[in-house]
Amino acid sequence: MGSRKLFNVDELSGRLAEHVMASTESQAWRESLLNEGIFEQAEIGQLSERELALVQRTLLTTRFRTMTEDQLLQAMQQYSLPWRVDLEAEYSAAAVAY
């Protein structure tokens, strides 16, 4: 029997990427892209704010989607992303399965 997923990794990866972007300044995105060697200074300077946001969102989403569930949970804690568990649905599903 396969292991049960705790949550939809793709959905939470996108939510986490959006949360990180909303909680950081675009200058921090520029520095991150430079420090990681993704772009050079001249290239970063040519990006509009919209282009920069698209690149950053893509980078974060891709990074988060390749994480294991444990790594993603740690990243969610690191960036203080609120996560709600619907216990009623979990108990209902367990009762039906029983």
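Predicted model: local features only at pLDDT ≥ 70, side-chain atom pairs only at ≥ 80, totals over all residues.

Q: Okay, and where does tyrosine 79 sit?
A: Tyrosine 79 is in the loop between α5 (69-78) and α6 (87-97).

Q: How many aromatic pairs are there?
A: The count is one aromatic pair. The partners are phenylalanine 64 and tyrosine 79, with ring centres 6.4 Å apart and planes at 70 degrees, so this pair is edge-to-face.

Q: Why edge-to-face?
A: Because planes over 60 degrees apart count as edge-to-face, and the planes here are at 70 degrees.

Q: Which parts does the pair tie together?
A: Phenylalanine 64 belongs to helix α4 (residues 49-65) and tyrosine 79 to the α5-α6 loop, so the pair links parts that are 15 residues apart in sequence.

Q: Is phenylalanine 64 buried or exposed?
A: Phenylalanine 64 counts as buried, at 2% relative accessibility.

Q: Switching topic: how many helices and strands does the chain have?
A: Six helices and zero strands. Along the sequence that reads α-α-α-α-α-α.

Q: What share of the residues is buried?
A: Of the 98 residues in the protein chain, 26% are buried.

Q: Last one: what about contacts across the sequence?
A: Among contacts with a separation of 6 or more, 67% are between residues 24 or more positions apart.

Definitions and conventions: Residues numbered from 1 in each chain as written. Heavy atoms only, no water. Phe/Tyr/Trp six-rings, centres within 6.5 Å; stacked < 30°, edge-to-face > 60°. Helix = DSSP H or I, 4+ residues; strand = E, 2+ residues; numbered from the N terminus. Buried < 20%, exposed > 50% of the residue type's maximum accessible area, 1.4 Å probe, protein only. Contact = heavy atoms within 4.5 Å.
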